[in-house]
Amino acid sequence: MKLKGLRWWVIALIALATVINYIDRQALVVLWPSISEDLYPDKTMTERKEIYALISVVFMFSYAFGQSIFGKIFDKVGTRIGFVLSIGFWSLSTALHAFAKGVLSFSIFRALLGVSEAGNWPGAAKGNAEWFPIKERAFAQGLFNSGAAIGGIVAIPTIAFLTIYFSWQMIFVIIGLIGLLWLIPWLILVKAPPKKHPWLTEEEKNYILCGQKEENEDKSEKEDEYNPPVGELLKRKQSWGVIIASAAIDPIWWLFVFWIPIYLSEVYNMDVKSIGIYGWVPYVGAMLGAWFGGLLAQNRIKAGWNVNKTRKMVITLGCVIMLPALLALSNPGSPVAAVLIMAAVLFGFQTAIGNVQTLPSDLFGKKTVGTLSGFECTAAKLTGAGLVALVPMLTVGGNYAPAFIIGA
């Protein structure tokens, strides 16, 4: 059996995994206002934010640690088994949240979730490098990056809706099961890499392999991919360019992922159901930005621009969009204006970050992509954790302007 366009089925499954990834991590974010009232009825809003920030920072550090771990795992065992390990463990970790009783148990389960969810991004970058030619990688990266945005769009209203019928404990169990179901089509469809996949047409196989730097089978005839050891990798200025770019930009995403529902609850006095109505809007901007950044890069490369010029232009454009929008959030006015401005911020973020995350596959061979992506994501999560930890101190009294100014 041959399946036309198999590479798009593979990236669609990776995007779906990213959607599930964000539904799982967003559950606590959306449910926290009601969970915190049940668990900590005698504490103030600021104290509850501090507890939430602590649990979130535990997740971030675990996520950062997991990025480097899973980068090496994916390079070792391959994309197929790597995703099985990652999504299998994070789905079980999500379900375990149902048994949490306080700071310690929530922190333990968030740590398990963080380590296992971390595999999604180096795995996605590696899958992109395996299944797509260079000219299509930014668009493919944008497609699975949009999965994060779609996860936010779906998660917030869905979880708010589930609160009508289920306890917060049962909600964690339900969404944990979704990830385990994803494993079924993944194991059926992704049988092998492109070179050996029995369902891949010869035309598509040649298109993929001729459009990327092939592994060196015959050094006299083929270009040898550059796959340096870790020590040499970290001596390259290009590696540090990727790592620093992610470390500088990524905290913006985490500022919104972790704090949109809390912000709407504190500033506009919204309950979980009202958050479900407003909270998904910023992620529409993120989804559109992911598509826009990928398509713009693809368009410029097809027009004859080199990869270096293309990546730098698109990344810069995304940052230029973010800057004024973040400053405007210092005093947005109505909740509608606030979520629309947030949508502009996340549009700019996704425009930029998709091209930053594509750089490892532009610079190095397939055996090194997962490793550099892991280091890149680790640095990004550490700086993100720093900003998340500062938010309770920066937003005392419900004034979020200092957090947005620091983001800018």
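**Helix packing and selected residues in the predicted model**

Glu50 sits in helix H2, which covers residues 45-77; helices here are DSSP runs (H or I, at least four residues; strands are E, at least two), numbered from the N terminus. The structure is a predicted model, in which local features need pLDDT of at least 70 and side-chain atom pairs count only at pLDDT 80 or more, while totals for chains, interfaces and linings use all residues. Residues are numbered from 1 along each chain as its sequence is written, and side-chain values use heavy atoms, with hydrogens and water left out. As for confidence, pLDDT (the predictor's score for each residue, from 0 to 100) averages 88 over the chain, and 97% of residues reach 70 or more.

Glu50 and Ala389 are 339 residues apart along the chain, yet their C-alpha atoms are separated by 8.2 Å.

Next comes helix H1, residues 6-39, which holds Leu31. Leaving aside residues up to four places away in sequence, Leu31 touches Ile159, Thr163, Trp168, Ile171 and Phe172. Its C-alpha atom is 9.9 Å from that of Asp271, a residue 240 places away along the chain.

H1 also packs on helix H4 (residues 103-117): the two axes come within 11 Å and cross at roughly 170°. Axes are lines fitted to C-alpha atoms, for helices over the stretch in contact, and angles run from 0 to 180 degrees between N-to-C directions. H1 is therefore roughly antiparallel to H4 (over 145 degrees; under 35 is roughly parallel, 65 to 115 roughly perpendicular, and the rest oblique). The crossing of H1 over H4 is left-handed, meaning that the near helix is turned anticlockwise from the far one by less than a right angle (right-handed if clockwise). On the H1 side the contact uses Asn21, Asp24, Arg25, Leu28, Ile35 and Leu39, and on the H4 side Phe106, Arg110, Leu113 and Glu117. The residues of this contact divide into five nonpolar, one polar and four charged. Here Ala, Val, Leu, Ile, Met, Phe, Trp, Tyr, Cys and Pro count as nonpolar, Asp, Glu, Lys and Arg as charged, and the others, Gly among them, as polar.

Helices H10 (residues 237-268) and H13 (residues 307-328) have axes 12 Å apart and pack at about 45°, which makes H10 oblique to H13. H10 passes H13 in a left-handed crossing. Ile249, Ile252 and Phe256 of H10 and Ile315, Cys319, Met322 and Leu326 of H13 make the contact. Its makeup is seven nonpolar residues, with no polar and no charged ones.

Asn269 is in the loop between H10 and helix H11 (272-278). The residue is exposed, at 68% relative accessible area. Phi of Asn269 is near 55°, a positive value in a residue other than glycine. Most residues other than glycine have a negative phi.

Lastly, Lys126 belongs to helix H5 (residues 120-131). Despite being a lysine, Lys126 counts as buried, at 6% relative accessibility. Beyond residues up to four places away in sequence, Lys126 touches Phe74, Asp75, Thr79, Lys366 and Val369.

Technical notes
Contact = heavy atoms within 4.5 Å. Buried < 20%, exposed > 50% of the residue type's maximum accessible area, 1.4 Å probe, protein only.
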